[in-house]
Amino acid sequence: MLTKYFKPLQALLFLCCCLVLTGCSSSNTKPTTIKIGVLRVAVAQERKMLQSKCRQYGMKVQFITFDSGVDANKALLSNSVQLATMGHTNAVVAMAARIPVKLVWINDIIGSNEALTVRRKAHITNWDSFKGKSIATPFASTSHYSLMMLLKHHHLTGKVRVLDMQTPEIVAAWQRGDIDGAYTWEPSLSALTDGKVMINSRSMAQRGYLTANVTLATNSFINAHPNILRTILSCLNKVHLQFENDPQELYLDAAKSLSMPTSVIKKQIGTSQWLNTHQQEAFISHTFRTQFFNTAQFMWQQQTLSRPISRKDCAQFVTVRFLNSGGQ
C-alpha cells in the first residue's frame, strides 16, 4: 500500500504493523539513535515497548514517517534506513531491483479494508457489465495486483480501463464522477460514498490471491545487528498475540491516542489477519513464498519488473531466520 491521503487516518489501516528502522550514523558504525518510521501511527504501547527494548542496547528510538512503499524502497537502496514496511508487491520490486534486503516479517494479510467499490450510477450489476468501465487503483500496489487478478479471473483483461491514480486522486475523481469504480483501501475506501463493494481482499485471499504488508531489513543491518532485529520482531509478535487474544484493547488504545471512535478504527483494521511468529514460520514456508513467486511472475508479465524472478530468488529473499522460533 502506498498513499499520502489523510495521514492521521491511514495510520489505522494495520495499526502497529508498519515499521521502518533507521540509523543516524553510517552503516559501518553502530547507530546510537534508531529512527523508526511509520507509514501509519503505531500503537503507543508498541512504541513504549520498542523504546524500552532498544534502550537495553544503548540506543534511543525516534519515530519518523514515510509516505509510501516507493519512498521506502528508495531509502533502502540508499542505505539510509535499515527496515521498511510496504505492501508485498513493492517488496517484489525491491527483490527484482536487487536492493540488498530480506523480507523478515509479515505485518498482516490484507482483509476487508481493501476492496473494489463501484458507483451505483454506473449500473454494474455483474462481472460482465464491467466491460468498457473505468476502474482506478494505485499501480504497483496490493490493490492493483488484486484488481488485475480479479479481471483475469473473470476474463476481463483488456476489456476494462484501468487507471493509475493515488488515493487522493481516486477520491477526487469519484466525487467528480470521472470513474466508475476503484480498488483501494481505507480510509479512501470509505470516502467513496454511495458506492457498492463488489469484492474485498479477504475474499480475494480465499480465492488464492492473497496480499500482505511486509517488513524488509537491509542485509547490512541483519549482519551487524541480528539480535536487535530479533528483539524488534519479538516486540511485534507480542502485539500480534495481543491482537489475537484481545483486539478490543488495541482498538481502545488507538482510539484514545488518536481521539477517534473505536468503531472507525475497527473498520480501518478490517479483517486483516495478524500472524504470530509460529504461524508466520509455517505460513511463509508453505504458502507465502509461493504467493510471492506468483506475484513476481505476474508483475514480470505486466512488464513492471526489471528482471524475471525464480523460485530460488524468492526462497532466498523471504526468510524466517529471525523469528523467535529460530527457523531457517
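Me: In which sense do strand E6 and strand E9 pair, and over how many bridges?

Reply: As a general idea, the strands of a sheet pair through backbone hydrogen bonds, either parallel or antiparallel. In this predicted model, strand E6 (residues 114–119) and strand E9 (residues 181–185) pair in the antiparallel sense, and five bridges join them. Two positions illustrate the pairing: Leu116 stands opposite Tyr183 in E9, and the bridge partner of Val118 in E9 is Gly181.

Me: Which residue of E10 is the bridge partner of Leu116?

Reply: The partner of Leu116 in E10 is Ile199. E6 and E10 pair in the antiparallel sense, again over five bridges.

Me: What is the order of the strands in the open sheet?

Reply: The order is E8-E7-E9-E6-E10; the sheet has five strands, and its pairing is mixed. Strand E8 (161–164) and strand E10 (195–200) are the edge strands, each pairing on one side only. From one strand to the next, the twist averages 25°.

Me: Which strands does helix H5 touch as it packs on the sheet?

Reply: Helix H5 (residues 142–153) touches E6, strand E7 (134–137), E8, E9 and E10, and its direction makes about 135° with that of E9. Helix H6 (residues 167–176) lies across E6, E7, E8, E9 and E10, and runs at about 145° to E9.

Me: How many residues of E6 are buried?

Reply: Burial is judged by relative accessible area, and a residue under 20% counts as buried. Six of the six residues of E6 are buried, so this strand is largely enclosed by the rest of the structure. Glu114, Leu116 and Val118 point one way from E6, while Ala115, Thr117 and Arg119 point the other way.

Me: Which residues of H6 are buried?

Reply: The buried residues in H6 are Thr167, Ile170, Val171, Ala173 and Trp174. They are on the same side of H6, because the arc they cover around the axis is only 165°. These buried residues pack against E6, E7, E9 and E10. On the face of H6 turned away from the buried side are the exposed residues Gln175 and Arg176. Gly177 follows H6 and has a positive phi, near 85°.

Me: How many aromatic pairs does the count come to?

Reply: A pair of aromatic rings is described by the distance of the centres and the angle of the planes. Here the count comes to seven aromatic pairs. One of them joins Trp127 and Phe130: the ring centres are 5.1 Å apart and the planes are at 20°, so the pair is stacked. Phe130 is buried, with a relative accessible area of 1%.

Me: Is the aromatic pair of Tyr145 and Phe298 stacked or edge-to-face?

Reply: The pair of Tyr145 and Phe298 is edge-to-face, with 5.7 Å centre to centre and 75° between the planes. Elsewhere, one aromatic cluster is formed by Phe283, Phe288, Phe292 and Phe317.

Me: Is Leu323 buried or exposed?

Reply: Leu323 is buried, and its relative accessible area is 1%. This residue lies in the segment after helix H13 (311–317). Leaving aside residues up to four places away in sequence, Leu323 touches Val104, Trp105, Leu233, Thr277, Gln280 and Glu281. The C-alpha atoms of Leu323 and Ile232 are separated by 9.9 Å, although the two residues are 91 residues apart along the chain.

Me: What pLDDT does the protein average, and where does pLDDT stay under 50?

Reply: The pLDDT is the predictor's confidence in each residue. The protein averages a pLDDT of 83, and 81% of the residues score at least 70. Over residues 1–29, however, pLDDT stays under 50; the model has 132 contacts for this stretch beyond four places in sequence. The pLDDT is also below 50 over residues 41–45, a stretch with 16 contacts in the model beyond near neighbours in sequence.

Methods:
Residues numbered from 1 in each chain as written. Predicted model: local features only at pLDDT ≥ 70, side-chain atom pairs only at ≥ 80, totals over all residues. Heavy atoms only, no water. pLDDT = per-residue confidence, 0-100. Contact = heavy atoms within 4.5 Å. Pairing = 2+ DSSP bridges. Helix = DSSP H or I, 4+ residues; strand = E, 2+ residues; numbered from the N terminus. Axes fitted to C-alpha atoms, helices over the stretch in contact; angles between N-to-C directions. Buried < 20%, exposed > 50% of the residue type's maximum accessible area, 1.4 Å probe, protein only. Arc of directions from axis to C-beta. Phe/Tyr/Trp six-rings, centres within 6.5 Å; stacked < 30°, edge-to-face > 60°.
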